[in-house]
Amino acid sequence: MVNKIPARIRWAVDFMDVQPNDHVLEIGCGNGAAADLICRRLEGKGKMFAIDRSEAGVDRTKARCAEHIAAGRLTVRQIDLATLRVPVKRLTKVFAFDVNLFWVRDASEEIALLHERLMPGGSVNLFFDTSRPEQVPDILAKASEQLRDGGFRVYIVDSKMPPVIGIIGRR
């Protein structure tokens, strides 16, 4: 089935506990699976903004989530997080799955932008597939350090089935 939502994405979105009035930013929307699942939970005044550096990812998300775009719940843009300018300080949750930015290079500017745009009590939710266990220690250490340095309180969550870790930064 083309629109099946992978268990790892479903677990991560369930963990985030998206509420009907949340304002969610997804970094790296890819094929739109998470955007679709999140938007189905935004029944109130909630909104989602999904970004991807890839034109193909943006196109796939727009195609998969056309009903959410038409309903005004979802905006999708091809843009890099570093150049993103969120118009108001209204984000309640930030979501990313397997976005290497947060552990392979310095992301202090991007994290500062997220800290500035998240409402107090909001969270940055960075999830990673752990099917390559040799990478997990680096992912945990580097992403956690960057979030802490950016002013977030950090904690770790994990799942064995599906194999996922989450580095959660609370503002």
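**Helices, sheet and rings**

Visitor: Which strands does helix 3 lie across?
Guide: Helix 3 (residues 55-64) lies across strand 2 (47-52) and strand 3, running at about 160 degrees to strand 3. Helices (H or I, at least four residues) and strands (E, at least two) are DSSP runs, numbered from the N terminus.

Visitor: What should I know about the model and its numbering?
Guide: This is a predicted model, in which local features need pLDDT of at least 70 and side-chain atom pairs count only at pLDDT 80 or more, while totals for chains, interfaces and linings use all residues. Residues are numbered from 1 along each chain as its sequence is written, and side-chain values use heavy atoms, with hydrogens and water left out.

Visitor: And what does helix 1 lie across?
Guide: Helix 1 (residues 7-16) lies across strand 4, strand 5 (118-129), strand 6 and strand 7 (164-170), and runs at about 160 degrees to strand 4.

Visitor: What is the strand order in the sheet?
Guide: The sheet is open, has 7 strands in the order 3-2-1-4-5-7-6, and its pairing is mixed; two strands pair if DSSP finds at least two bridges between them. Strand 3 (74-78) and strand 6 (153-159) stand at the edges with a single partner strand each, so one side of each has no neighbour in the sheet. From one strand to the next, the twist averages 15 degrees.

Visitor: Do strands 1 and 4 pair in the parallel or antiparallel sense?
Guide: Strand 1 (residues 23-27) and strand 4 (residues 91-97) pair in the parallel sense, over 4 bridges, and the bridge partner of E26 in strand 4 is F95.

Visitor: Switching to rings, how many aromatic pairs are there?
Guide: The count comes to 5 aromatic pairs, taking rings of Phe, Tyr and Trp (its six-membered ring) with centres within 6.5 Å, where planes under 30 degrees apart count as stacked, over 60 as edge-to-face and the rest as tilted. One of them is W11 with F15, stacked at 6.0 Å centre to centre and 20 degrees between the planes.

Visitor: How exposed are W11 and F15?
Guide: W11 is partly exposed at a relative accessible area of 22%, and F15 is partly exposed at 30%, where buried means under 20%, exposed over 50% and partly exposed in between (1.4 Å probe, protein chains only).

Visitor: What about F97 and F127?
Guide: F97 and F127 are also stacked, at 6.4 Å centre to centre with 20 degrees between the planes. F97 lies in strand 4 and F127 in strand 5, so this pair ties together parts 30 residues apart in sequence, and both residues are buried.

Terms used: Axes are lines fitted to C-alpha atoms, for helices over the stretch in contact, and angles run from 0 to 180 degrees between N-to-C directions. Contact means heavy atoms within 4.5 Å.
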